[in-house]
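Have the viewer open as you read.

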Amino acid sequence: MVHFAVDDHEAWMTTRVDGADTALVPFNRGTPGGGGNPSNPDGYPTDYLWKDVWTRESFLSLLQRYVRLLLVPVERDGRFVHERRMLFPRWHQRDAVRALVADVTERGPGQRYLIEHSAGSGKSNIIAWLAWHLADVPYEGGHLFEKVVVVTDRTVLDGQLANTIEQMTATPAQVRHIRERVRESQRARRTSSADGAATGGGLLLEALDDPSVRVVIVTAQTFLHAGEALDDRARRNFAVLLDEAHSGVGEKTDAAMSRALGEATEDGGDPLLTYALQRQHRNQSLFAFTATPHPETLHSYGRFDALTNTFKAFHQYTMSQAIAEGFIVDPRRGYVRYESYFRLRGVGVDDPEVDQKTATAAIMREVSKDPKVMGAKSHVIVRHFLEKVRKTLGGRARAMVVAPSRDAAVRYGRALRTTLDAQGAEDVGVLVAFSGAVTDAVTGETVTEAPLNGCKESELPQRFASEPNRILVVANKYQTGFDQPLLAAMYIDRALEGVQAVQTLSRLNRPHGPGTKQVFALDFVNGTEVLEGFARFLDGTTLGDPPTPEMLDDLRTRLDAAGVYTEAEVFAVAELAITPGGLTEQERQEQIAGLISQAVARHGALAPATQERFRGALVEFLRLHGLLSQVVLVPDRELEARALYGAWLVKSLGGDAAARVFVDLKGKIAVEYVRVVQGAGYLAEPGPGDDVAPPGEVTLSTRSGARMVDPVVRLSELLQQLNERYGVGAAPADRSTLEEIIAELLDDEEVLDAVRVNADARELVRDREIQREIRRRFREREQRGDALAVRFQDDEALRDELMQIVLEMVQRRAPPAGEGELTAEELKRLAALNVLRNGLEPRLRGFVRRTLEGAYGERWFDELMRSVPTAERERLVGPAPDVALRERLYLSTLVAAIERHWGPAFGAVMESAPTAERLSRAQCVALLEVLNAHREDAHAKPIRGADLTTVRAVVDQLHRVLDRVGA
């Protein structure tokens, strides 16, 4: 049945002895920060075995309630088969069940329990054991709980749990799986003349009323659709096990569960008190399981410790212990941040005022979709996967790409396929997972997941596990609850924070076979917050500074004093919200709307700042009431009425009172340049004296009053700010220096040989011969006074960065062996482009100056500066206008100047010309943008012959115009 291997410090066990292939797992109690056993002042650290586990009573209990022979799905040769395996509980599994049952037996129903167990804890088995233990807790000749209800938030978990729970009993009829019953009813309907299939709500009601059913398994959504048939039904006691309770089951689901499972209350007929009492589940014991509790979860289900003034879980099996015991892999060890550098420009003629925060987010969304940006990231992903990941796990490793949106997932799928084909990796399949339908940005057609992948959505996990499908692009799917041991790499292009970050990266933590699985996580978007989020959950969490009823009273006082509503209106709306009082639904809605409209009118008469403070206080009141009313507050008519009324009022007050101008930035942002480079890796441990919060402590922040109003800026200024943060910031002369050095290295056969052998530019940077060649070329230019070369010698950080940039460019442009002539042709085209650009730009700057002088006189430079983003103006302070115009203004700024001043300055000059040299504003800007875009592109890759022909035609036309105006 079970075999133990024990010494005086640790214990290990197995249920299957198989010679050298025997797999032993830890049977230890755990220590703070990891596995093993704590020291024991009374004897050996492992004496719990013979003093507890191996006693007669304990072992008989194990045989009766825990040890089972189960059918377990096992992967063999890319497909799953079922295999019989003996199940024996690990230490923490047995310890959790025993502790929970003992507390319930002593304290009775109505309590809340938080079980914070890491991935790898065997949670499904714990829930199954606990369900059957709770179903059999004796009470007054019967059972303490009439039913045990297991609630899951996802259908996949619902089926897995049902299978495990059913195998734990010799009487399967005592288990009622609601979702499976619904499917059976639907199948019966298709094969008979029945009028209709049973609903989940109806089957749930039937299961709750059936005395032969002991355990009910149901999804949270079923409670939402159970209908009014569940109202006003007096129940006995229930044990409710909530799986994946990251932040509770949610307010609506919680209320629906109250109706379904709530007991009859002695409230004197007061509907408000009845409503409040139902929320507190006095006849229910709630058991919430999660590996990553939100602060709200800790407050709602945790136990309050008066000594430390914190809420914490009733039982913990920490992430650090699961890692130490080998049940999960630490995904942080392969975490590397990648930095994206880019330069942006606005497209179009307007320069609207925008809300900075909202517009920044919109710009970054547009940037993430740009083909250049996505192409650069796809290149990094494919190269990393082929070189570092593909051969691991016996050549079967898989990777996941986390896209920022559904349409981005479709774009990524196409970009990755293109890049893989270009790398000769046609045998690496790409799958895309997203919900609903998406408009394809390339074809304009509406696409769904199934046709793109050539399989049903339900078949995708199995398809991903089979050859040749090696990369899965996801958007809001498979980031939680997806277990694939072959998943060894993750590429993140989506902002993640807190619990979501931990859950997403944890898709990598499933071990595969003996030994430690190497994992990789490349993050293009996030900073240190991802690893900080992991650190918070490593050794269990507590909630510090919990909210108090006094905070709620203070908010109520402030809201009442604002004069927005009256007491009579509050109670009238509250009573209508929960008791229709003989009215039809339409009549009830009309009466509520009429009462709320009076408060909305009073609110609108307040000063804008006062309006915002009131709305902020109301939102915070509703949030705190939802938390405190479940576990702390004594039911209060006044608070309950204000919460019901406030929920209706807040929807009618709208958003921020401050007027803001929003713009649709789709198609208005263009990426001129992009480069993706490796940044920081695994987060270092805090050093001595670092100011850090207590490990594992989180704070449930309270928010009240007005929110910060974000500054309004010009779109051009915002683009420049983003360029300062993410752009390269190099002057044209600097780029020419780099191009010259890259061209020389591409002409050096020894350098090309090294590039072809070493696919990773970081490895090349450490090559001393390569370093010597690059340093020599910079030194030669330093002696000629080249500004970039001087900075290269003086700034070590910049030196390392420039060396990597140069080698990445050489690596990208290096021809295969034997194709050296191709590189020479590319370099000729690059040189031709520089000649064209250098011949036109000085004339264009002179034309801009002369035209502005003619329109504005001595104020010409002030008017030009209006086209320069605020963040860039500091760089222009000091130089004379001629110097600034000649050396320090980018072509993109000249384009912006022409656009801004077209009416008073440039239009009169350009539109009155003969047809051959006449240009409208749109034509002029378009020509200049073509030149600017190809100039920037040439920094990243050689220009094609067709593109050079286009640029030559553009430059020739602009020269003809400049010839006519005498520039």
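## Charges over rings

A charge sits over a ring if NZ of Lys or CZ of Arg is within 6 Å of the ring centre and within 35 degrees of the ring normal. The charged end of Arg90 does this with Phe327, at 3.4 Å from the ring centre. Lys651 has its charged end over the ring of Trp648, 4.6 Å from the centre.

This is a predicted model, where local features need pLDDT of at least 70, side-chain atom pairs count only at pLDDT 80 or more, and totals for chains, interfaces and linings use all residues. Residues are numbered from 1 along each chain as its sequence is written, and side-chain values use heavy atoms, with hydrogens and water left out.

## Aromatic pairs

Rings of Phe, Tyr and Trp (its six-membered ring) pair if their centres lie within 6.5 Å; planes under 30 degrees apart are stacked, over 60 edge-to-face, the rest tilted. That rule gives 19 aromatic pairs. Tyr113 and Phe287 are stacked, because their ring centres are 4.8 Å apart and their planes at 5°. Both residues are buried (under 20% relative accessible area, with exposed over 50% and partly exposed in between; 1.4 Å probe, protein chains only).

Tyr565 and Tyr645 pair edge-to-face, at 5.5 Å centre to centre and 70° between the planes. Tyr565 is buried at 11% relative accessible area, and Tyr645 is buried at 1%.

## Helix 3

Helices are DSSP runs (H or I, at least four residues; strands are E, at least two), numbered from the N terminus. The buried residues of helix 3 include Trp91, Leu100 and Val104.
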